[in-house]
Each structure stands twice: as structure tokens, then as C-alpha cells.
Amino acid sequence: MSGDRAGAVWIASLVRRWPDLIDELSPAGRDALRERHGGGPVGGTTAPVRLHVSDAVRDITDGVVELEEAVRERLGLRPVSPAPVPVRLRRIAGLLDRIAADPLLAPHVEDESRRMAARCARALGDPEQLVRLPGRCPVCDCVSLRALPERAEIRCVNPACGRVLGAEHS
């Protein structure tokens with residue numbers, strides 16, 4: 001996978017996981033009743049908003065807005081209308097070919113999208129998000145390449161191989 005597509009992996013991960021993050025914001029739908037201290041249900045109460053998830057939603061939302069604005073400004077494009085996070089992410093993804101041509105912008109987009117994907121994964125309770133990558137392992141030729149965003153690492157998850165590939169394979 002070429003360097004210009006590395007940002008695409010993290011952007012796609014964010015688009016896919018964003019609805020899960022929003023659902024986790026208020027898990028009231030899952031538990032209609034809470035228990036009172038000492039036992040016994042308390043009727044009519046709802047679960048509180050989960051603040052760590054709320055913080056992650058806000059951080060990622062702000063990050064996506066700022067990233068889209070920075071990309072459009074750097075590429076000399078006119079500003080676009082406000083949109084939900086998944087729409088903004090898709091707009092950024094649509095510019096990845098142009099982004100890749102800018103040696104300062106491409107690593108910035110990749111780093112920021114990786115950071116936001118990791119933040120989303122942590123808020124959802126994942127120890128570390130694994131992202132499946134297209135292509136084959138250059139060592140064992142299996143379709144078992146996975147990216148670990150928090151470590152900025154790519155590895156083969158084939159138990160017979162287990163090779164850790166550098167970020168240059170992204």
C-alpha cells in the first residue's frame with residue numbers, strides 16, 4: 001500500500017466506527033433501570049452521559065473540522081459548508097491523491113487521522129484497534145496485514161509469520 005493510502009485506512013476506520021461512538025455516548029437504551037445503592041432497582045432513571053465518550057466525540061469532531069479546513073487551505077480549495085463528521089471524512093478521503101503530492105500535508109493527515117482513530121478505539125473500550133490492510137505480507141505472502149494505529153505499526157497476523165513491518169509499508 002502506498003503512503004497516500006495510509007491516511008485512507010484511518011479515515012475509513014473513523015467513518016465505520018463513528019456511529020458506534022455516538023451510540024456509546026448515552027447507553028440509556030440498554031439499561032432502562034439502574035440499581036439503588038444497597039440493591040433494588042430505581043425506576044424511571046436513565047444512565048448518565050458517559051463523559052469520556054463525550055470528550056472523545058468532541059475531540060474527534062474538532063479534529064476532523066480543523067483537518068478538513070487545513071487540507072482545503074493548503075490545497076488552495078475554497079471552504080465548504082459545515083457537515084457531519086462522516087461527510088467531512090469522506091471529503092478528505094476524496095482529496096487523498098492531491099494530499100499525497102504535498103510532502104508536508106500527507107504525513108500530517110496520516111498522523112491526525114491515526115490519532116483520531118486511536119482515540120475512537122480507546123473510547124469504545126478497544127485495547128488497540130486493528131485495521132485490516134489490503135495486500136499481502138511481503139514475507140509470507142498471506143493476506144494477513146494489520147495496522148496498529150497507536151503504535152504506528154504494521155504487522156502480519158499470520159501465526160506462522162508474525163513479522164512486524166515498518167511504517168514504510170503503509
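A residue is taken as buried when its relative accessible area is under 20%, as exposed when over 50%, and as partly exposed in between, with a 1.4 Å probe and protein chains only. By this criterion, 37% of the 170 residues of the protein chain count as buried. The structure is a predicted model, in which local features need pLDDT of at least 70 and side-chain atom pairs count only at pLDDT 80 or more, while totals for chains, interfaces and linings use all residues. Residues are numbered from 1 along each chain as its sequence is written, and side-chain values use heavy atoms, with hydrogens and water left out.

The protein chain contains five helices and six strands, where helices (H or I, at least four residues) and strands (E, at least two) are DSSP runs numbered from the N terminus. The order of the elements from the N terminus is α-β-β-α-α-α-α-β-β-β-β. With contact defined as heavy atoms within 4.5 Å, residues 24 or more positions apart account for 50% of the contacts with a separation of 6 or more.

Four strands form an open sheet in the order β3-β4-β5-β6, with antiparallel pairing; two strands pair if DSSP finds at least two bridges between them. Because β3 (131–132) and β6 (164–165) stand at the edges with a single partner strand each, one side of each is left without a neighbour in the sheet. The antiparallel pairing of β3 with β4 (residues 145–148) runs over two bridges, and R132 stands opposite R146 in β4.

Within helix α5 (residues 105–123) lies S113, which counts as buried because its relative accessibility is 1%. A polar atom of the S113 side chain is placed 2.8 Å from the backbone oxygen of V109. Residues up to four places away in sequence not counted, S113 touches G7, W10, I11 and L14.

Pockets were identified on a 1 Å grid over the protein atoms alone, a pocket being an open set of points where a 1.4 Å probe fits, with protein on both sides within 12 Å along at least five of seven lines; lining residues have an atom within 4 Å of a point. Grid points are joined across faces, edges and corners, and a volume is the space filled by probe spheres set on the points. The largest pocket holds about 160 Å³ of space. Its lining consists of E68, E69, R72, E73, L77, R78, P79, V80 and R88. Helix α2 (residues 51–74) gives the most to this lining, with four residues. By class, three of the lining residues are nonpolar, none is polar and six are charged, where Ala, Val, Leu, Ile, Met, Phe, Trp, Tyr, Cys and Pro count as nonpolar, Asp, Glu, Lys and Arg as charged, and the others, Gly among them, as polar.

E68 is found in helix α2 and is buried, since its relative accessible area is 3%. The side chain of E68 makes a polar contact with the side chain of R88 at 2.5 Å; such a contact is a pair of N or O atoms within 3.5 Å, of which, within protein, one must be able to donate a hydrogen and the other to accept it, and residues adjacent in sequence count only if both atoms are side-chain atoms. Neighbours within four places in sequence aside, E68 is in contact with V80, R88, R91 and I92.

V80 lies in the loop between α2 and α3 (85–93) and, at 28% relative accessibility, counts as partly exposed. Although V80 and E68 are 12 residues apart along the chain, their C-alpha atoms are separated by 9.2 Å. Beyond four places in sequence, V80 touches E68, R72 and R91.
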